[in-house]
Amino acid sequence: MTTAVHHPDPAWRARLTWAAVFIALLYPMLAASEFKPWLLFDAQSLRAAGMFLRDFLVPAHSTEFLAMVLRETWQTVAIATAGLTLALLAAIPATFVISERLSISRLGTGRVHPFAAIVRQALRWVLMVLRSVPELVWALLFVRIVGLGPTAGVLAIALSYSGMLAKVYAEILESSDAHATDVLLANGSGRLPALLYGALPDSSAELVSYTVYRWECAIRGSAVMGFVGAGGLGQRLDESTKMMAGGEVATMLIVFVLLVALADLVSRFLRRRLG
Amino acid sequence: MATYRLRGLTVRHLTGTRAPALHALDLTVRTGEQVALIGPSGAGKTTLLATLACAHRPAEGELEIFGQDPWQLGQAERHRLRARLFLAPQAPPLPPRQRVVTAVLAARLPHWSLWRALASLVRPQDPDAAHAALARFSLGDKLYARVDRLSGGERQRCGLARLLLSDAKALLVDEPISALDPALARHTLATLRQEATERNATLVCSLHQVDLAREQFARLIGLRDGRIVFDAPREQVSDAMIAELYANEQVESRPAAVHDTPDQIAVGACF
């Protein structure tokens, strides 16, 4: 009689343990965030919400108001685009530095040169600080320095988004197949050409879609920053909310939906072109 | 002058147990020589080629490439040396979404400025050279096709077309014909050898097709378990030596090894 030989997956125990740890961590988080969804269905809350929503039913649509919304929308798009472009100028070089994939000292030894590792880690910390300060706080800071207006919004987006973009770009590049880049490096090509010719072709669609998504976030972000006086549609939204003009708020929210839909369209088009 | 001189060269795996992959190899390859590397799977052929390409640092022993020990050089100088060696790995290193012309022209990257490399992404520099290289592997019509539209065999030859565009003086080719039919395989090997002869470059080629290796290469190196079993001109390599090289002692399974935990895990797996 033969004894049965089993081949259990060596990973399954760890997998189960981590799942249990995550679930155990989730409960204290729900408690700490005072998550009480049943408050939503309280009679008093429902009445207040109903009053507010009734005003929304007829969006403001006077020509004068629409012209103003259009002007402010243009400014919002401009803030988001300028902020994102500035962020890209900082994020793209930072990506090249922090991406371990492009280490030449790692080639053949499997170990990165200590100095290179320190530079990489230092830049990672800088990026972490840039993105861990919320853009709203950056905006408040810049409103103090450069005064009310769009400049504060542009700078706030540029700073916090450069941190996010560089981190995610580096991660997208590192999660693509390393073979092509490694072979180019092994055959003597430079870091940047190896990235451009080895990793970019297969990551470009993902990089573009993340960038367009961030542009969308920047539009939303500029709305929030408008509340602290950083210009654009957000500032008008703040004024209309304070005047309890539900119709005007509704119009501006529709504009936001349209902008997000536009970003979606652009992203889909670009992905199809690059796919 | 010798392209390669190895004395007691031991090479360890870079990850995991760091077990030796090659044990105390002694080997000299003269300039312009054409050598076939044969041996069973896992013998260390790929590791040897990577070591010869400066893509794998040896643990002990002496390694000289063009008369220099690459690991004594500074990093920048060693990287310049890598441009004089060309490693063509078994799996063609071509990004699926890249166009063939770009993938082939990537051979020129070590000699291009960054601006030239960027410009070539927009408008390929020297597409005629790429076409000529592809045409030698009868792939001329695929110049502007995307890599993922090519068949496995076409991809493999596309990777070799890149070799033709490099100006390396040592060509290290890992199983260049594993995805090709016999007729194409013979033609491909002949093209590689012709190219090496024309530029007086050293050619080291690992092969699983022993018959072709004996037919095409004057010198054969048999590698097994990280050791050189024989290193002789083809006239001195007998069928018995080949049979012994590939003799399979592993019919009964090895003692059950504890499953290794991989260093890198596929997306979706969690540890």
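Visitor: Does Asp126(B) count as buried, exposed or partly exposed, and what is the reason? Please also show me what lies around that part of chain B.

Guide: This is a predicted model, in which local features need pLDDT of at least 70 and side-chain atom pairs count only at pLDDT 80 or more, while totals for chains, interfaces and linings use all residues. Residues are numbered from 1 along each chain as its sequence is written, and chains are lettered from A and ligands numbered from 1 in the order in which they are written.

Asp126(B) counts as partly exposed because 13 C-beta neighbours lie inside 10 Å; a residue is buried if 20 or more other C-beta atoms lie within 10 Å of its own, exposed if 12 or fewer, and partly exposed in between, with C-beta atoms placed from the backbone. The loop that holds Asp126(B) runs between α4 (114-122) and α5 of chain B, where helices are DSSP runs (H or I, at least four residues) and strands are such runs too (E, at least two), numbered from the N terminus. Phi of Asp126(B) is near 60 degrees, a positive value in a residue other than glycine. As background, most residues other than glycine have a negative phi.

On the loop between α5 and α6 of chain B sits Ser138(B), which is not a glycine either and has a positive phi of about 50 degrees. Ser138(B) is partly exposed, because 14 other C-beta atoms lie within 10 Å.

Helix α6 of chain B, residues 152-165, has 14 residues and reaches 21 Å from its first C-alpha to its last, close to the 20 Å expected at 1.5 Å a residue, the expected span being 1.5 Å times one less than the number of residues. This helix is mostly covered, since eleven of the 14 residues of α6(B) are buried, among them Cys158(B), Leu160(B) and Leu163(B). What covers the buried residues of α6(B) includes α5 (127-135), β5 (85-88) and α7 (182-198) of chain B, where contact means that the C-beta atoms of two residues, placed from the backbone, lie within 7 Å.

To set this part in its chain, chain B has nine helices and nine strands, and 40% of its 271 residues count as buried. Among contacts in chain B between residues at least 6 apart in sequence, 68% join residues at least 24 apart.
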